[in-house]
Amino acid sequence: MLLDRRLIVVTGKGGVGKTTVAAALGLLSARRGGRTVVCEVAQQERLAALFGAHDVGHGEVELAPGLFSVSVQPERAMHEWLRHQLKSGALAGLLGHSRLFGYLTAAAPGVTELVTVGKVWDLAQDERRTGGSPFDTVIVDAPATGHALALLRAPRTYANIARVGPIARQAGSIDRFLRDPAKTGVICVALPEEMPVSETVDLEQRLSDDLGMEIGQVVVNGVLPDRFTSGDARTLRGLGDRGTKAAQAAVASALVEHGRAEAQREQLERLRAEARAPVSTLPYLFEPELRRRELELLSDRLEETL
């Protein structure tokens, strides 16, 4: 039921395939009839390449029917916020480009995170302050776990610091939206390996302790197929050095793959034992590059478990 949330944050350890999972989720949401946007942050633009499109920038570009992409640029997001507060594009441009204002925002910790998550929050509203048609589902391809926590923590920090005024009101609204489980869901992507599993368990605890938020689903990416049973492996080991060199190489390769799959299963069992959130899996795709066809396949698998 995570796709019933207005905002879905996809995070996890770096290199686990967050962008791939976010793209597959976007396809699934759009296929269900929801007008969907996938947001990339920190000016990263990896999503467009998965769909064979050019860089999308800060604008909203349609990648597939009902599926859009936005790459949030903090400077542009700041100017949008100023334009909304000052009710004047000219004044916003004047202030936003002033050297003193640039120094102040650069010196204030967490401003980049605040304006970034503010842009994401705006995309998830029925009436957007920046204009444009509303989205039914906003999916955030969030940074790796530590930076994702900073992103989610920024609105509460500024609401507490400012206390009164437009920044406090806006930051408070964003914070309440993020921590409302009926509106915002969190998906953590992991690999079936020791470090990503440990980081996922740690993130779940930190989200709960620091922000009162829960992970709604853990998606384990890149799970190898079980090609051989333990009996098969014993038989292969019993072959020893028999056969041609090519046959020996094939046997050795099969045993290595069996060992990797077995190690993955052990980490999956550990994750299911230690995490509170439900755990689902996505298969390892033996493709040099993922494209639309592979993303559709992954979205089908996600539909079975979400």
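I started with α6 and α7, which are roughly perpendicular to each other (that label covers 65 to 115 degrees), because their axes cross at roughly 100°. Those axes come within 8 Å; they are lines fitted to C-alpha atoms over the stretch in contact, with angles from 0 to 180 degrees between N-to-C directions. Helix α6 covers residues 111–123, and helices here are DSSP runs (H or I, at least four residues) numbered from the N terminus.

I then listed the contact (heavy atoms within 4.5 Å): α6 brings Val-111, Glu-113, Leu-114, Thr-116 and Val-117, and α7 brings Ala-150, Leu-151, Ala-154, Pro-155 and Tyr-158.

Note on provenance: I am reading a predicted model, where local features need pLDDT of at least 70, side-chain atom pairs count only at pLDDT 80 or more, and totals for chains, interfaces and linings use all residues. Numbering runs from 1 along each chain as its sequence is written, and side-chain values use heavy atoms, with hydrogens and water left out.

Next I checked α7 (residues 145–162) against α8 (residues 166–178): the axes come within 8 Å and cross at roughly 145°. Among the residues making this contact I noted Leu-152, Pro-155 and Tyr-158 of α7, and Ile-167, Ala-171 and Leu-178 of α8.

Last, I looked up Leu-207. Beyond its neighbours within four places in sequence, Leu-207 is in contact with Leu-149, Leu-152, Val-186, Gly-212, Met-213 and Ile-215.

Technical notes: Helix = DSSP H or I, 4+ residues; strand = E, 2+ residues; numbered from the N terminus. Parallel < 35°, antiparallel > 145°, perpendicular 65-115°, else oblique.
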